[in-house]
Amino acid sequence: MRMTVPVTAEITNATNRNSLGSLFETCIANYTIRFFLSKPISSDHFPQPNQENVTLELVPSAEVYVTTYGGYIEDVVSKWKQMKEDLTKLKLCFDSETYTVAMYDPPWKKNGRRNEIWIPNKPC
C-alpha cells in the first residue's frame, strides 16, 4: 500500500509548558498517529493490525481551524501557540488543549514541504 496523506498526529491534553521545541518533547499529552485509508477501498480490504496498540477506526468529520506552514515539524509547538493567540484575538471558540499536525510529505523530501495544524472549533 502506498503512503497516504496526510499522516496526522493528534495531540490531546496538550500543555503550554515550553515555548519552543518539537512535537514530542515539549508537551505532556496523549498522541494518536493516523494513516488514512482511501474511501474507495472497501473495509473488507483494509489491512488488519497485528499489534494491540494499533487499531482501525472511523474518524468522523469535524470543523477545524487550519494554518499551513512549510519545513519540518520541529517548531510545531510555537506555531500551535501562535495559532491559539490568533484565534483568541479573533474571538473564536476552540479547544485549547487539542490539536492535530497534518504532514503531507515523506520524511526524505527536503524542500517545498507542506504541513498543517488543525485546531477543533467548539461552540461558544
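Q: How many disulfides does the structure hold?
A: This is a predicted model. Cys93 and Cys124 form a disulfide, with their sulfur atoms 1.8 Å apart. The number of disulfides that the structure holds is 1.

Q: Which parts of the chain does the pair link?
A: The two cysteines lie 31 residues apart, in distant parts of the chain. Cys93 is in the loop between H1 and S4, and Cys124 is in the segment after S5.

Q: Is Cys124 buried or exposed?
A: A residue counts as exposed when its relative accessible area is over 50%. Cys124 has 81% relative accessibility, so Cys124 counts as exposed.

Q: What distance separates the end C-alpha atoms of helix H1?
A: Helix H1 runs over residues 76-89, which is 14 residues. At 1.5 Å a residue, H1 should span 20 Å.

Q: Which residues of H1 are buried, and what arc do they cover?
A: The buried residues of H1 are Val76, Val77, Trp80, Lys81, Met83, Lys84 and Leu87. They lie on the same side of H1, because the arc they cover around the axis is only 160°.

Q: Which element gives the most to the largest nonpolar core?
A: The largest nonpolar core has 18 residues, and Val76 and Trp80 are among those with the most contacts inside it. Strands S1, S3, S4 and S5 and helix H1 each give two or more residues to this core. With 5 residues, the element that gives the most is H1.

Note on methods. Residues numbered from 1 in each chain as written. Predicted model: local features only at pLDDT ≥ 70, side-chain atom pairs only at ≥ 80, totals over all residues. Heavy atoms only, no water. Helix = DSSP H or I, 4+ residues; strand = E, 2+ residues; numbered from the N terminus. Expected span 1.5 Å × (residues − 1). Buried < 20%, exposed > 50% of the residue type's maximum accessible area, 1.4 Å probe, protein only. Arc of directions from axis to C-beta. Core = buried A, V, L, I, M, F, W, Y, C linked by side-chain atoms within 4.5 Å. Disulfide = S-S within 2.5 Å.
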